[in-house]
Amino acid sequence: RQYQRRVRGRSFPMHAAGLRLASSLHAAPAQFVLYTTGGGGTAIGWLLQAPGASRTVLEACVPYSRSSLSDLLDGALHGANSNTAELMARAAYHRALKLVNQSEEGGQVFGVGCTAALGSSSPRRGSHRWNVCAVGENLEFHSSMVMSKNERSRREEEELVSLAVLGSMVEVASIPSEGGLEAFVLPGDLLNSKSLPGYFKNSNPGLQGR
């Protein structure tokens with residue numbers, strides 16, 4: 001398949017790229033909380049496999065069931081879309097502010113939310129997609145993709161969205177990096193990203209905007 005040929009042509013697979021991004025995050029003065037609804041959970045494994053996770057990972061959770069996600073978002077449920085990812089990221093950011101060691105100077109604090117609809121045991125009628133949002137004091141980074149159907153296995157889709165999670169974290173933390181998500185995008189994928197001013201500490205901590 002085209003995807004396999006392209007990956008074989010690279011010097012590193014997605015797993016290695018994920019560990020590389022994780023190492024870049026651990027080398028930076030940053031701490032974060034990550035929430036994912038299931039898709040993108042491999043990013044948590046990569047973060048914990050790379051040395052240095054204890055310095056940066058404040059908390060990483062998978063609110064997988066509907067009731068768990070509803071509890072996290074105070075009853076606000078919107079499906080696998082950008083709004084849900086943003087709400088999750090804001091909740092993660094405020095959680096990070098509570099957990100961070102305030103005595104450390106110079107470090108960044110941010111929260112990340114990811115929601116996805118990936119391939120399953122039965123054919124999916126809707127699109128295969130993911131939405132990721134990373135929130136910091138000075139910057140928000142939003143990323144989303146509608147993936148080409150029937151071009152990747154479930155594992156490949158999972159690793160791709162996990163790369164997007166780590167890539168969004170790198171972006172919001174302004175960490176130089178190479179060899180991330182872009183190396184594995186196919187011509188039929190619809191990738192979008194944008195940066196916005198940050199979600200400041202003195203903003204309303206509620207889920208209905210700033």
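1. Contacts of Thr-84. In this predicted model, Thr-84 touches Leu-69, Leu-73, His-78, Gly-79 and Thr-115, once neighbours within four places in sequence are set aside. Thr-84 belongs to helix α6, which spans residues 82-99. Its relative accessible area is 1%. The cut-off for buried is under 20%, so Thr-84 counts as buried.

2. Helix α6 and the sheet. Helix α6 packs on the sheet. The strands it touches are β1, β2, β3 (108-117), β4 (128-136) and β5 (139-147). Its direction makes about 150° with that of β3.

3. Sheet order. The sheet is open and has 6 strands. Their order is β2-β1-β3-β4-β5-β6, and the pairing is mixed. At the edges stand β2 and β6 (190-197). Each has a single partner strand, so one side of each lacks a neighbour in the sheet. From one strand to the next, the twist averages 10°.

4. The β1-β2 pair. These two strands run parallel and are joined by 4 bridges. Tyr-35 has its bridge partner in β2, namely Cys-61. Strands of a sheet pair through backbone hydrogen bonds, either parallel or antiparallel.

5. Helix α7. This helix lies across β1, β3, β4 and β5. It runs at about 20° to β4.

6. Helix α3. Which residues of α3 (42-49) are buried? They are Ala-43, Ile-44, Trp-46 and Leu-47. These residues cover an arc of only 160° around the axis, so they sit on the same side of α3. An α-helix has 3.6 residues a turn, so residues three or four places apart point the same way. What do the buried residues of α3 pack against? Their partners are α2 (14-26), β1 (30-36), α4 (53-56), β2 (57-61) and α7 (154-172).

7. Confidence overall. The protein averages a pLDDT of 84. A score of at least 70 is reached by 83% of the residues. Confidence is highest in α3, at 96. It is lowest in helix α1 (residues 2-8), at a mean of 41.

8. Over residues 1-11 the pLDDT stays under 50. The model gives this stretch 19 contacts beyond four places in sequence. Residues 204-210 also have a pLDDT below 50. For residues 204-210, the model has 18 contacts beyond near neighbours in sequence.

How values were computed. Residues numbered from 1 in each chain as written. Predicted model: local features only at pLDDT ≥ 70, side-chain atom pairs only at ≥ 80, totals over all residues. Heavy atoms only, no water. Buried < 20%, exposed > 50% of the residue type's maximum accessible area, 1.4 Å probe, protein only. Contact = heavy atoms within 4.5 Å. Arc of directions from axis to C-beta. Pairing = 2+ DSSP bridges. Axes fitted to C-alpha atoms, helices over the stretch in contact; angles between N-to-C directions. pLDDT = per-residue confidence, 0-100.
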